[in-house]
Amino acid sequence: MTDFLSRMAAASAERAERVARVTAGDLDKPVVPLRLGAFELIAEIKERSPAAGVLAGDGHDRGECARSYAAGGAAAISVLTEPSQFGGELAHLTEVAAAVPDVPVMCKDFLVATPQVLEARAAGASGVLLIVTMLDDRRLRAMLDAAFEHGLFVLLESFDADDLERLHGFLAAEDHERAAGGQLLFGINTRNLRTLAVDPHRLERLAGALPGRPAVAESGLATAADAAAVAALGYSVALVGTALMRSADPAALVAAMRRAGNEAFAA
């Protein structure tokens with residue numbers, strides 16, 4: 001790992017060392033199951049991003065934002081909790097989970113250690129994102145097991161063919177059973193987090209190499225036409241952040257993207 005991703009991994013490792021011990025009493029917040037139809041959206045809340053800059057101005061109401069996503073039919077809400085580059089914190093996740101108690105909320109961060117999975121669960125997460133290239137097999141297995149033990153869904157994010165080839169050899173039959181149950185999702189991020197460059201052709205190039213379904217298209221999606229295009233490639237979930245954060249009517253955009261995706265999926 002080099003550049004941006006390595007910096008994020010190092011910063012996350014420092015935060016992991018400061019995670020307080022999570023006890024059974026800390027895990028009292030409900031886990032909301034992820035329910036997926038033919039084509040769904042994971043709608044994201046983030047304060048800023050290194051690529052797009054500030055996305056949430058003064059007075060931004062995360063709870064109201066989450067409720068608008070839910071009104072549009074989002075299957076889950078992703079919350080960026082990374083503090084140094086994205087302006088996030090776990091308190092934001094707790095706030096969102098309280099605002100939409102019937103919608104699963106995913107902790108999106110650069111997690112590198114099992115205690116961080118438990119910390120996210122204690123904060124109210126119903127799912128976590130794990131970046132494959134950041135984690136060796138031992139840590140990835142431990143973090144997956146911790147997530148599944150506590151009922152969380154996991155989005156495994158990959159960037160390239162090497163990530164996907166490694167996953168094919170790593171995943172066991174029981175993991176694929178969890179995938180069939182909607183607990184394990186396989187994502188392709190068009191943004192290379194080492195360089196922050198976007199490869200718009202990556203989703204098409206790697207669609208057939210995914211080790212399972214549901215398949216999630218991440219980054220660079222902004223319109224209903226984008227949703228239809230990825231659905232036509234076989235992706236059944238789109239993760240959308242910046243476009244929704246900038247939209248004057250995020251509920252309508254969520255609904256339009258879901259509708260276009262479902263129409264393309266059924267075609």
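This is a predicted model: local features need pLDDT of at least 70, side-chain atom pairs count only at pLDDT 80 or more; totals for chains, interfaces and linings use all residues.
Student: Why is lysine 108 called buried?

Tutor: Its relative accessible area is 14%. Buried means under 20%. Lysine 108 is therefore buried.

Student: Where is lysine 108 found, and which side chain makes a polar contact with its own?

Tutor: Lysine 108 is found in strand β5, residues 105-108. Its side chain makes a polar contact with the side chain of glutamate 44.

Student: What makes that pair a polar contact?

Tutor: The value for lysine 108 and glutamate 44 is 3.1 Å. The cut-off is a pair of N or O atoms within 3.5 Å, where one must be able to donate a hydrogen and the other to accept it. So the pair counts as a polar contact. Lysine 108 is also in contact with residues including Ser78, Thr81 and Leu239.

Student: Is aspartate 109 buried or exposed?

Tutor: Aspartate 109 has a relative accessible area of 4%. The limit for buried is under 20%, so aspartate 109 is buried. It is found in the loop between β5 and α4.

Student: Which side chain is joined to that of aspartate 109 by a polar contact?

Tutor: That of arginine 15, at 3.1 Å. Leucine 129 is among the other contacts of aspartate 109. Aspartate 109 and leucine 129 are 20 residues apart in sequence, yet their C-alpha atoms are 6.8 Å apart in space.

Student: Why does arginine 67 count as partly exposed?

Tutor: Its relative accessibility is 38%. Buried means under 20% and exposed means over 50%, with partly exposed in between. So arginine 67 counts as partly exposed. Arginine 67 lies in helix α2, residues 62-72. Asp61, Ala99 and Val100 are in contact with arginine 67. The C-alpha atoms of arginine 67 and valine 100 are separated by 6.2 Å, although the two are 33 residues apart along the chain.

Student: How do you know that the buried residues of α6 line one face of the helix?

Tutor: In α6, residues 161-170, the buried residues are Asp163, Leu164, Leu167 and Phe170. Seen down the axis of α6, they fall within an arc of 120°, so they line one face. An α-helix has 3.6 residues a turn, so residues three or four places apart point the same way.

Student: Which exposed residues does the face turned away from that buried side carry?

Tutor: In α6, that face carries Asp162, Glu165 and Gly169. On the buried side, the cover includes α5, β7, β8 and α8.

Student: What caps the N-terminal end of α6?

Tutor: Aspartate 160 does. One of its side-chain oxygens lies 3.2 Å from the backbone nitrogen of aspartate 162.

Student: Which residues meet where α3 and α4 come together?

Tutor: Leu90, Leu93 and Thr94 in α3 meet Glu119, Ala120 and Ala123 in α4. Ala120 and Ala123 are among the buried residues of α4. Just after α4, glycine 124 takes a positive phi of about 115°.

Student: Which residues have the most contacts inside the largest nonpolar core?

Tutor: Tyr69, Leu130 and Leu156, in a core of 90 residues. Helix α5 gives the most to this core, with six residues.

Technical notes
Residues are numbered from 1 along each chain as its sequence is written. Side-chain values use heavy atoms; hydrogens and water are left out. Helices (H or I, at least four residues) and strands (E, at least two) are DSSP runs, numbered from the N terminus. Buried means under 20% relative accessible area, exposed over 50%, partly exposed in between (1.4 Å probe, protein chains only). Contact means heavy atoms within 4.5 Å. The arc is that of the directions from the helix axis to the C-beta atoms. A nonpolar core is a set of buried Ala, Val, Leu, Ile, Met, Phe, Trp, Tyr and Cys residues joined through side-chain atoms within 4.5 Å.
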